[in-house]
Amino acid sequence: MHYAALASGSKGNCHAFGDGERILLVDAGISLLWTRRALADLGWDPGQVQAVALTHEHSDHVAAVDVLLRRTDWVFLATPETKAAVEACRGVEIPGSRWIPLRAGHPCDWNGWRILPFSLPHDAADPVAYRIEVGSVRAAVVTDLGQPTALVADHLQDLDLLVLEANHDLEMLREGSYPPQLKARILSRVGHLSNDAMATLLDRILSPRLRSVVLAHLSEQNNDPALARLAAQEVLGRRPGPSLFLASQRNPLAIDLAS
Ligand SMILES: [Zn+2]
Ligand SMILES: [Zn+2]
């Protein structure tokens, strides 16, 4: 089992999981060309991509859906609310033959993989994060949430890999140049996760099993990778524990999660 952060940030998000035979993407916020190139750069076979699990309808997560519908035969995993919102926002129709319906809180079996979408607080129709279990490997991708709820923490127990949003540094956001309305949206309970809130959540779910933590969806304007890293390191401490990675907008990153 392998994980890759192909792109992460406000200009487009796409994560990948592969078992050597097939690849599942989480979100389609970067172009098809970019997706294929990023996979190839990591030594993955882009021809193995079979499906995309969508988290919510914001364009940095679904911008490529129309092209993927036309140019690939990939299927889409999404809740009915997210499917309808994507169709309305993008002006597309995802045919029933290309759609695997999901329901938050209910696991779905996809070729023997256990895919569990769960709700998080964000200003979208039906936003979810994913817990993905393949063989004995357990991973989760959790971005675009305003606050770390108990329900989210419950779904992050006993993971091998956690991909977690570290969107902004509170001081940089407050003192930065974003318009007040946008600042308020990001800071709201359905906005994005600050470095401090990320650290709080990480502290709550830390387990001896956790081997890799990937900080994701960092704001280029309102965060500094060094600050995000520091906030996580304060929780992870100096004792031997999980390895810490930063997902970036442009440089893909791969992690081997051998079972
Ligand atoms: Zn986003
Ligand atoms: Zn969003």
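The model is predicted, with local features needing pLDDT of at least 70 and side-chain atom pairs pLDDT 80 or more, while totals for chains, interfaces and linings use all residues. Residues are numbered from 1 along each chain, chains are lettered from A and ligands numbered from 1 as written, and side-chain values use heavy atoms, without hydrogens and water.

I noted a volume of about 210 Å³ for the largest pocket. Of its 15 lining residues (an atom within 4 Å of a pocket grid point), I list Ser 10, Arg 185, Ile 186, His 192 and His 217 as closest to the centre.

For the second largest pocket I recorded about 150 Å³ of space, with a lining of four nonpolar, six polar and one charged residue, among them Ser 8, Glu 220, Asn 223, Leu 246 and Gln 249.

I then turned to the zinc ion (ligand 1), whose protein donors (N, O and S atoms within 2.8 Å of the metal) are Asp 60 (OD), His 61 (NE2), Asp 144 (OD) and His 217 (NE2), lying 2.1 to 2.3 Å from it. In sequence I read the spacing of these donor residues as D-H-x82-D-x72-H.

The zinc ion (ligand 2) lies 3.6 Å from the zinc ion (ligand 1), and I see that Asp 144 coordinates both. I checked burial (under 20% relative accessible area) and found Asp 144 buried at 1% and His 61 buried at 0%.

Key
On a 1 Å grid over the protein atoms alone, a cavity is a set of points where a 1.4 Å probe fits but cannot get out, and a pocket is an open set with protein on both sides within 12 Å along at least five of seven lines; lining residues have an atom within 4 Å of a point. Grid points are joined across faces, edges and corners, and a volume is the space filled by probe spheres set on the points. Ala, Val, Leu, Ile, Met, Phe, Trp, Tyr, Cys and Pro count as nonpolar, Asp, Glu, Lys and Arg as charged, and the others, Gly among them, as polar. Donors are N, O and S atoms within 2.8 Å of the metal (3.2 Å for Na, K and Ca); water is not among the atoms, so sites may look incomplete. Buried means under 20% relative accessible area, exposed over 50%, partly exposed in between (1.4 Å probe, protein chains only).
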